[in-house]
Amino acid sequence: MSVAELDFDSCYRAVTARDARFDGRFYTAVTSTRIYCRPICPARTPASRNVRFYRHAASAEAAGFRPCKRCRPELSPGDPGWDHRGDLIGRALRLIDEGVADDGGVARLAGRLHITERHLHRLFTTEIGVGPLAVARTKRLLLAKQLLTETGLPITDVAFASGFGSVRQFNATMKETYGFTPGELRATASRDGGGNGGRAVADTSLTLRLHRREPYDSRALLRFLRARAIPGLETVDETSYSRVVPGGAVTLTPLPGHVRLDVELDDTRGLARVVARCRRLLDLDADPQAIADALGGTSLGPLVTANPGLRVPGAWDGFEVAVRAVVGQQISVAGARTLLGRIVARAGHGGVLFPAPGELLEADLEGLGLTGRRVATLRALAACVAEGEIDLDGAQEPAQVVSRLLPLPGIGPWTASYVALRALRDPDAWPDGDLVLRRTMARLDIPEDHIERWRPWRAYAALHLWSAA
């Protein structure tokens, strides 16, 4: 749905009903107040003549509207329409979340996507209504607004944590766009009981709320991650997920209505990337209602009814998932965990971080319990990723990544599909040949030709069957 395809009447009905299903899908701008809101804003519904609808917060801000301090658009879950798209716009938005535009501007963003800057700008203007730089700026501003409201991180640190190049640029951009300075917003949050009154913090420990759509089956998600937690890298129990990340650590705790993110970083300039990766890891931007509507009327109906809000576990890092998939071929989940723990201890930075492609390529993998063939596959994979032939972090469309993975020795359809399912967020990825899926379908008397009926949500169908096993 492009910016031109927003249906006014449908959007206005959603706003009137404060329908949470539309939260993050569009924003309501009120011409009389020059403020834009989420569809669920508790404020009185404005008259239709005073309303404009925008597909993206950046479009509303470009039109001169400021974010509502009551419903706080920065807390909206991501639009699943973008999240599940493997096209150029969807992949560009993922890279913007990763901070690519902040680090290298539109030139680097277009370069990662292998298109011209002009073509990228034209696509964004058509689909969203503004260019990629405006989207990146809004991302920075909304993260800064959340940090100023919910934390006591000093304003200087907020500027760099949200992706701004200088405090002066941060102050000027917020004043120009929102009409108030960071200090004024911090003072307002303090009076309203937000944050910690703007007190400077002694370390870089932060707590943020990550919102999602309901229902959300956190128990099944944590169970999946706990079974696959790599020793020394991840710790998962019944209530939370923790892992070591470059320069710090994160803990994600699902709570009613949101996920609490506790993060410690040596350098908060990487915070935006951390937030984006945590959202993808826990599949927070999915639309459970759309998935249930599509799968509920099929042979999976009883499973969908019994397990509402099931999510596809994502990935902190695409290369990590690819290595997991290769190591886990034809062995138990517990056996794969053991081998992966040895790889981290041997090849990872400091023995606690998952190795980057270059580190794995140079590491001595002998004596870890890996077969010679498996080592050869890992080296071939690492070489392709290190040289940029395969991009596992969102720049290439899923079908292209799969087509480049399959020729590698030791990588078949199951491995490539598993990477597409978890790392590339392809909602229709299906791990062809998975023994557990086959056995579960046979036990439930589900014919194999039903797999085609589960498009375009076969990844979620796989999770339902894995959970049933």
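How many of the eleven residues of helix α22 are buried?

1. Nine of them are, so helix α22 (residues 458-468) is largely enclosed by the rest of the structure. Buried here means under 20% relative accessible area, with exposed over 50% and partly exposed in between (1.4 Å probe, protein chains only). Among the buried residues are Arg-458, Tyr-460, His-464 and Trp-466. The buried set packs against α11, α13 (288-296), α14 (301-306), α20 (413-422) and α21 (435-443), contact being heavy atoms within 4.5 Å.

2. A word on the basis: this is a predicted model, where local features need pLDDT of at least 70, side-chain atom pairs count only at pLDDT 80 or more, and totals for chains, interfaces and linings use all residues. Residues are numbered from 1 along each chain as its sequence is written, and side-chain values use heavy atoms, leaving out hydrogens and water.

3. Five strands form an open antiparallel sheet in the order β5-β9-β8-β7-β6. Its edges are β5 (205-211) and β6 (234-236), each pairing on one side only. Helices (H or I, at least four residues) and strands (E, at least two) are DSSP runs numbered from the N terminus, and two strands pair if DSSP finds at least two bridges between them.

4. Residues 90-188 are 79% helix and 0% strand.
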